[in-house]
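The sequence and structure come first, and the notes follow by topic.

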Amino acid sequence: MDGTVTVTDGKATAAAVLPGVLRRRLAVVAALAASVVVVLGVRYAGDDGPGRTDARIGEAAYGAGAPWWHVASATDFLGDPAGALLLLTAGVIGCLTARRPRAAVLLLAGPGLAVGVTRLLKPLAARTIHGDENLAYPSGHTAFLTALALTLALLAAGRHGLGQAAGTALALGAAFAAGAVMGWAQVATGAHYATDTVGGCCTALAVVPAAAWGIDRTADSLRRRAR
């Protein structure tokens, strides 16, 4: 399965959500991203304030005036439960309408697992912002939007049969763009330090390819058993 719909014995089979041409490259990306998450988590473990880089970026981005404050707040909403639910619902409906149930599963599992991993990591890193009760690293909002963008890019790459270079560029470009936008919003609204958002972005880059690979393996195994 290479991301395109195939026909076997006259029957259409589901497209892989992790295009075969991208598997090796995204496996390397996932490993590197996981390393970044660990390194930053160890570096800022237990901190209750910004590092030098965080402070500089925070000074430039925090407290943006209108209309940028409204843009940042609206972007932040997309990572809230209500905003995330709206995005995921629209995406799942689109996948089911296109008769791509496997894609719908990834659309829920990829972002969901990415956010779940950030929640598991936060008490381990124990980095706080604006009080001991506000765990900061890594950013769940950034992980969510990055994971959603990466998932959609993988589905688009598979659907259009993009090659290794074009598919990788689309996947990473979408992921980094979404991570940068949400990361800026989190710093601008004072919700996170910049390095928290880097950790969130890298969490998504580590989790989504693994989730897509697992979904493909499971779905293909079930299809073979059904035969």
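Ala61 counts as buried because its relative accessibility is 13%, where buried means under 20% relative accessible area, exposed over 50% and partly exposed in between, with a 1.4 Å probe and protein chains only. The model is predicted: local features need pLDDT of at least 70, side-chain atom pairs count only at pLDDT 80 or more, and totals for chains, interfaces and linings use all residues. Residues are numbered from 1 along each chain as its sequence is written, and side-chain values use heavy atoms, with hydrogens and water left out.

**Surroundings of Ala61**
- Ala61 lies in helix α2 (residues 52-61); helices are DSSP runs (H or I, at least four residues), numbered from the N terminus.
- Leaving aside residues up to four places away in sequence, Ala61 touches Trp184, Val187 and Ala188, a contact being heavy atoms within 4.5 Å.
- Between the C-alpha atoms of Ala61 and Gly190 there are 9.0 Å, and the two residues are 129 residues apart along the chain.

**Aromatic pair**
- The whole structure contains 1 aromatic pair, counting rings of Phe, Tyr and Trp (its six-membered ring) with centres within 6.5 Å; planes under 30 degrees apart are stacked, over 60 edge-to-face and the rest tilted.
- Trp68 and Trp184 make up this edge-to-face pair, at 6.2 Å centre to centre and 90° between the planes.
- Trp68 belongs to helix α3 (residues 68-79) and Trp184 to helix α7, so the pair links parts of the chain 116 residues apart.
- Trp68 is exposed, at 52% relative accessibility, whereas Trp184 is partly exposed, at 27% relative accessible area.

**Charges over a ring**
- Arg43 lies over the face of Tyr44, 4.4 Å from the ring centre; the criterion is NZ of Lys or CZ of Arg within 6 Å of the ring centre and within 35 degrees of the ring normal.
- Arg127 also has its charged end over the ring of Tyr44, 4.1 Å from the centre.

**Nonpolar core**
- The largest nonpolar core has 50 residues, of which Val17, Leu106, Leu150, Leu154 and Leu205 touch the most other members; such a core is a set of buried Ala, Val, Leu, Ile, Met, Phe, Trp, Tyr and Cys residues joined through side-chain atoms within 4.5 Å.
- Helix α6 gives the largest share of this core, 11 residues.
- Beyond four places in sequence, the residues touched by Leu154 include Val17, Leu26, Ala171 and Val208.

**Cysteines**
- There are 0 disulfides, a disulfide being a pair of cysteine sulfur atoms within 2.5 Å.
- For Cys202, the nearest cysteine sulfur is that of Cys201, 5.5 Å away.
- Cys202 is buried, at 11% relative accessible area, and Cys95 is buried at 10%.

Technical notes
Helices (H or I, at least four residues) and strands (E, at least two) are DSSP runs, numbered from the N terminus.
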